[in-house]
Amino acid sequence: MSNSSPTDEPGPLLGAADIRELATALGVRPTKQRGQNFVIDANTVRRIVRTAEVRPDDVVVEVGPGLGSLTLALLEAADRVTAVEIDDVLAAALPSTVETRLPGRADRFALVHSDAMLVQDLPGPAPTALVANLPYNVAVPVLLHMLATFPTIDRTLVMVQSEVADRLAARPGNKVYGVPSVKANWYAEVKRAGAIGRNVFWPAPNVDSGLVSLVRREKPVETTAGRAQVFAVVDAAFAQRRKTLRAALAGWAGSAAAAETALVAAGVSPQARGEALTVEEFARIAEHKPVHEESAA
């Protein structure tokens, strides 16, 4: 068996030299505005695909494919891949990169040139998995939008800034537990799935990255409240996270007294704080929102 690193082996995946060559040819400089950090290590993208447990029958959606490092690894493993890219130059170049490096799989690839936050449908079969190196500055809203918009996404693996990974995977009572933690948990079982060093990116970010695994709940949270109603409680609770729920939810309920009534009815202590509650408890509170007279008609 050869001792050489897979990164150095010729093949369809992109290495550091390939990435820089492509970027130079396209006149691309990664921008902080779009949170772009390109993965330049083939071992890392293989690891992501392996950790994501991508199967031969999967239809994978990737957000922010950049120059195509992860895209190519996904195409090797999945049935088909749809990439969503906002950058004009990168979106124009990616199909030819796929055609050049994986010609036998090019018909399994689709590109959507769009802001991921605006995407409401995708070409081809419904996606079964989301695998992405998400731009740091929009990682959480993009993740939540994709989970909300595409209920067929069963498994997700995203690479995000390490502290964002911690927040997404946090449990009640953890000091970083907050809005992203609860909202992600509405859709899925969430856990940290590994750490990624800085040296596999170009340019190297000044923060570490982490992998987060989300497996969609087999049964949705049992509640008569809708997602928007539950998320409104979550947003209110953490907008003033140091306050008790009685105080933090006063605006949401109409008054502190009304908030207390709703909390007691939901079986939650009015003196508790948002960081102590599960998504199920937030849902129970939403079910007991007081009906204001002006909105009762």
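Gly124 lies in the loop that joins β4 (109-113) to β5; strands (E, at least two residues) and helices (H or I, at least four) are DSSP runs numbered from the N terminus. The model is predicted: local features need pLDDT of at least 70, side-chain atom pairs count only at pLDDT 80 or more, and totals for chains, interfaces and linings use all residues. Residues are numbered from 1 along each chain as its sequence is written, and side-chain values use heavy atoms, with hydrogens and water left out.

Gly124 counts as exposed because its relative accessibility is 60% (exposed is over 50%, buried under 20%, partly exposed in between; 1.4 Å probe, protein chains only).

Helix α5 (residues 139-149) is mostly covered, with 9 of its 11 residues buried. Among them are Val142, His145 and Thr149. The buried residues of α5 pack against these elements, where contact means heavy atoms within 4.5 Å:

| Element | Residues |
|---|---|
| β2 | 59-63 |
| β5 | 129-133 |
| β6 | 155-161 |
| α6 | 162-169 |
| α7 | 179-187 |
| β9 | 209-216 |

The axes of α7 and helix α8 (residues 227-239) come within 10 Å and cross at roughly 160°. Axes are lines fitted to C-alpha atoms, for helices over the stretch in contact, and angles run from 0 to 180 degrees between N-to-C directions. The two helices, α7 and α8, are therefore roughly antiparallel (over 145 degrees). The contact includes Trp186 of α7 and Phe231 of α8.

Terms used:
Angles under 35 degrees count as roughly parallel, over 145 as roughly antiparallel, 65 to 115 as roughly perpendicular and the rest as oblique.
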